[in-house]
Amino acid sequence: MTELSEREKAALRYYIGDVSGDCPFGNDPKAYVTINSLFFSGTETERARAAEGKRLDADILENTGRLTDFFALLFSAFRKCSAENDCCTFRVERWSDYELCKAAGATLSFTSTSTAGFLSEYRDRLGIALMRFILPQGTPCIDAAAALDYYAKPDEAEILLPPFLTLSITEKAVAESERSILDSAGEPPRCSCEVVAGGIQPCTADTVRLPDGGAEAGKRVYTALNEGRQPLCEDEELYPRWKQAYRMLLHRLFTE
């Protein structure tokens, strides 16, 4: 692993929720909730997070240039980091996100996994799938403890996977020992699976233009969902179009 720059470390700390220092990106310890929602189509992901009591951070969309700089730093960190040996990690995934991931055959957003098994901290989801990741040597990923001088969450033993990482998923029966892992409604996992990681999907998108006002529409969508209100129809139409274009922009940024 190549040593990360201080700015890359700051971006990584911000993503994993460590805002204890002078963070140039913001001070929301769960900003990853909003950051990851940007990679999903429509607004169903935002609605699912809000329904779980998670706050969508409108400040993240305040400055698109600043946001893109943050992503560029994280992508740069992934180019420097990869699995030094074959390893196995674990994730308790939201069922709705799992279905989308399975259909795409790839990670859709940044994906936190752990070498410490299925963490109870991530069972606050309605409907869950248990994912065991096989990461072959050379897989793009960041071992947070190894990459950072100070790791604020050592119990999580986090291995962070990038978006656009190809996956081969094989579903298995939920083992009896796994049925004690419950979701937020007290229900056992809906499935268990083994996931073998591959390489980064190539970007085939042309140069795209972000729809005017899309980020502002997203901020209004966040505010409405945080307050338990229905977003305006025009915002629910514009914001997903902006997200789709921005996701293409990020895919090009990562692969180029």
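Start with the lining of the second largest pocket: by class it has 10 nonpolar, 6 polar and 2 charged residues. Here Ala, Val, Leu, Ile, Met, Phe, Trp, Tyr, Cys and Pro count as nonpolar, Asp, Glu, Lys and Arg as charged, and the others, Gly among them, as polar. You're looking at a predicted model, where local features need pLDDT of at least 70 and side-chain atom pairs count only at pLDDT 80 or more, while totals for chains, interfaces and linings use all residues. Residues are numbered from 1 along each chain as its sequence is written, and side-chain values use heavy atoms, leaving out hydrogens and water.

**Stop 1: the pocket**

The space in this second largest pocket is about 330 Å³. (A pocket is an open set of points on a 1 Å grid over the protein atoms alone, where a 1.4 Å probe fits, with protein on both sides within 12 Å along at least five of seven lines; lining residues have an atom within 4 Å of a point.) Select F39, L108, F164, R247 and H251: of the 18 lining residues, these are the closest to the centre. Now colour helix 5 (95-104) and helix 8, the elements that give two or more residues to the lining. Helix 8 gives the most, with 4 residues. (Helices are DSSP runs of H or I, at least four residues, numbered from the N terminus.)

**Stop 2: helix 8 and helix 7**

Axes are lines fitted to C-alpha atoms over the stretch in contact, and angles run from 0 to 180 degrees between N-to-C directions. Show the side of helix 7 that has G214, A215, A217, G218, R220, V221 and Y222, in contact (heavy atoms within 4.5 Å) with D235, E236, L238, Y239 and W242 of helix 8. This contact divides into 7 nonpolar, 2 polar and 3 charged residues.

**Stop 3: helix 8 and helix 4**

Helix 4 and helix 8 (residues 233-255) pack at about 40°, with axes 10 Å apart. On helix 8, pick W242, Y246, L249, L250, L253 and F254; their partners on helix 4 include L67, F71, F75 and F78. The tally is 11 nonpolar, 2 polar and 1 charged.

**Stop 4: helix 4 and helix 1**

Lastly, select helix 1 (residues 6-16) with helix 4 (residues 64-80): the angle is about 105° and the axes are 9 Å apart. Residues meeting here include Y14 and Y15 in helix 1 and F70 and L73 in helix 4. By class, you'll find 8 nonpolar, 1 polar and 3 charged residues.

Definitions and conventions:
Grid points are joined across faces, edges and corners, and a volume is the space filled by probe spheres set on the points.
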